[in-house]
Amino acid sequence: MGRSRASPFRSDRETIDPQITQITQISGFRCHPAEELRVRFVLGPLRFFACGAITPQSRNLRNLCNLCNLRIFNCSGLPNLRIFLIMNRTSHRPPEDTLLQQIADYVLSESPLDFEIESVAQLCLMDSLGCALQALSYPACTKLLGPVVPGAVLPGGARVPGTSYELEPVRAAFNIGAMIRWLDFNDTWLAAEWGHPSDNFGGILAVSDYLSRSRNAKPARWTIRDVLKAAVQAYEIQGVLALSHSFNRVGLDHVLLVRVASTAVITRLLGGARAETINSLSNAFIDGGALRTYRHAPNTGSRKSWAAGDATSRAVFHGLQALRGEMGYPSALTAPRWGFQEVLFGGKPIQLAQPLGSYVMRHVLFKISFPAEFHAQTAVEAALQLFGQTKDRLDEISKVVIETQESGKRIIDKTGPLNNPADRDHCIQYMVAVPLIRGRLTAEDYEDAVAADPRIDTLRQKMEVIENPDFSKDYLDPDKRSIGNSVQVFFRDGSATEKIVVEYPIGHPRRRKEGAPLLLEKFEKSLRSKISEKNCDRILALFEDSPRLLDTPVHELMDLFVV
């Protein structure tokens, strides 16, 4: 039968495996006739068994498939026979998924960084350290820092900026990652998926600092240049995967990309070769993804501020395990039924939208003026421009119309009670109301003391948030990547302000020259709030002398942040 027609399958007249025979007996399904239709087709790592004179509607066949977790495929190559193929699991190990290989090859490449990319990476490191220091003013963050249990410190371990902690690198990565992310003030990437690439600095700084202090590390001298190369790679992996995969639409949080990106670069930093990198990456995907429950009403909460720390610390764990020889799972993404793609992503393939290089670092977005969810940054800028016209007429306002992008409307258009700072910094109405009332928006404005001002909720109730199709289109346009918003205020007497439209926030690449000096001011303010004057001056001098910074051992820079 198998040889009578041209077929894409190789066929051998063999009896069905004992496992299948046993299962067919249990299910009551019998292959018929016995000799002619017991044909095995082999296609790569999968084994197919053809059974004739049955249909997919067969009750016994359904029983068989339910027992075996099998699937039925129509054999289109044999149109004159009512034959269906049943795919059986096999112990044959497939080749590593293409994506795992591509990421591993990328992080192990030796391509040097050009001056522009290196300069932006320095800004990212500087800004991330500043954001981490700002978080130390908030007890909700500091209560989570330090060793996982009291006393579990590691003399000579990785340092946590702005503290005296010395920790093993997994816990240090959590501490640093949570601090960087806490106030939603670190850099941002917006695409089909959103995220904050600087979340990866949690693991990168912890591991490189730990290695820099280790006498047995190779190379013996770990410098900030190594940190920046790892950062460029992690930003690229996270950002390129985000270009065409919307994990939020299936309920998964974007920090899974932090875990994947951090795992790749950290395994390399630890000395992992290609095999170890692929192994660790497969485990990072097998972890699945955290749910976005904690980012959305009615459950918005502080986990959204430490989820990235959790992800980058998990990456350190996977890297260390791989270096101990822990195995990987070659088809972690593509395995039928059990792989990441099928279980968590609706069967859609996860693949690179473009080759990995340095695109993301070149186009990363900085939060410079406001600690606000990035889709609302330009809305806050627009509201501040209107403050002079609203501050003395708050009681006369009849409505406020905010136009935003589809992504902004979907994730930060929020009505009703706001229960905590995490709720408020992801509500576009709150982020517009405060500057219209107070002429500012700072991290303190999300705390309970400011939120208790009744004028804020009164104004929120008068707001309409609508999608502007042009903003949505330009948001996804690779040549623009704008984050447009507009704000217009209407008064009871029929008058209105002009509609203020801001398409590109101050931290956008199109405004990089304008934003860089302000980013340095933001960093210096953060430094002087927590670090001694002597060390502040030394840190600022380093960041203003790029060649010297790049050659600085990682542990020497981190020591300057110890208090």
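Val-489 is buried in this predicted model. Its relative accessible area is 0%, against a cut-off of under 20% for burial. The residue lies in strand β12, which covers residues 485-491. Beyond its neighbours within four places in sequence, Val-489 is in contact with Leu-386, Thr-390, Ile-397, Lys-399, Val-400, Leu-436, Ala-496 and Thr-497.

The loop between α20 (469-476) and β12 contains Arg-481. Arg-481 is not a glycine, yet its phi is positive, at about 50 degrees. Its relative accessibility is 12%. Arg-481 therefore counts as buried, since the limit is under 20%.

A positive phi also occurs at Arg-337, again not a glycine, with a value of about 70 degrees. Arg-337 sits in the loop between α11 and α12 (340-344). Its relative accessible area is 38%. That value falls between the 20% and 50% cut-offs, so Arg-337 is partly exposed.

The peptide bond joining Ala-297 and Pro-298 is cis. Its omega is about 5 degrees.

Helix packing was examined for α3 and α8. Helix α3 comprises residues 98-107, and helix α8 comprises residues 224-244. Their axes are 10 Å apart and meet at an angle of about 155 degrees. Angles over 145 degrees count as roughly antiparallel, and α3 and α8 are therefore roughly antiparallel to each other. The crossing of α3 past α8 is right-handed.

On the α3 side, the contact is made by Leu-99, Ile-103, Tyr-106 and Val-107. On the α8 side, Val-232, Gln-233, Glu-236, Ile-237 and Leu-241 take part. By class, the contact of α3 with α8 has seven nonpolar residues, one polar residue and one charged residue.

Helix α8 is mostly covered, with 17 of its 21 residues buried. At 1.5 Å a residue, the 21 residues of α8 should span 30 Å, because the expected span takes one less than the number of residues. The end C-alpha atoms of α8 are 31 Å apart, which agrees with that expectation.

Technical notes: Residues are numbered from 1 along each chain as its sequence is written. This is a predicted model: local features need pLDDT of at least 70, side-chain atom pairs count only at pLDDT 80 or more; totals for chains, interfaces and linings use all residues. Side-chain values use heavy atoms; hydrogens and water are left out. Helices (H or I, at least four residues) and strands (E, at least two) are DSSP runs, numbered from the N terminus. Buried means under 20% relative accessible area, exposed over 50%, partly exposed in between (1.4 Å probe, protein chains only). Contact means heavy atoms within 4.5 Å. Axes are lines fitted to C-alpha atoms, for helices over the stretch in contact, and angles run from 0 to 180 degrees between N-to-C directions. Angles under 35 degrees count as roughly parallel, over 145 as roughly antiparallel, 65 to 115 as roughly perpendicular and the rest as oblique. A crossing is left-handed if the near helix is turned anticlockwise from the far one by less than a right angle, and right-handed if clockwise. Ala, Val, Leu, Ile, Met, Phe, Trp, Tyr, Cys and Pro count as nonpolar, Asp, Glu, Lys and Arg as charged, and the others, Gly among them, as polar.
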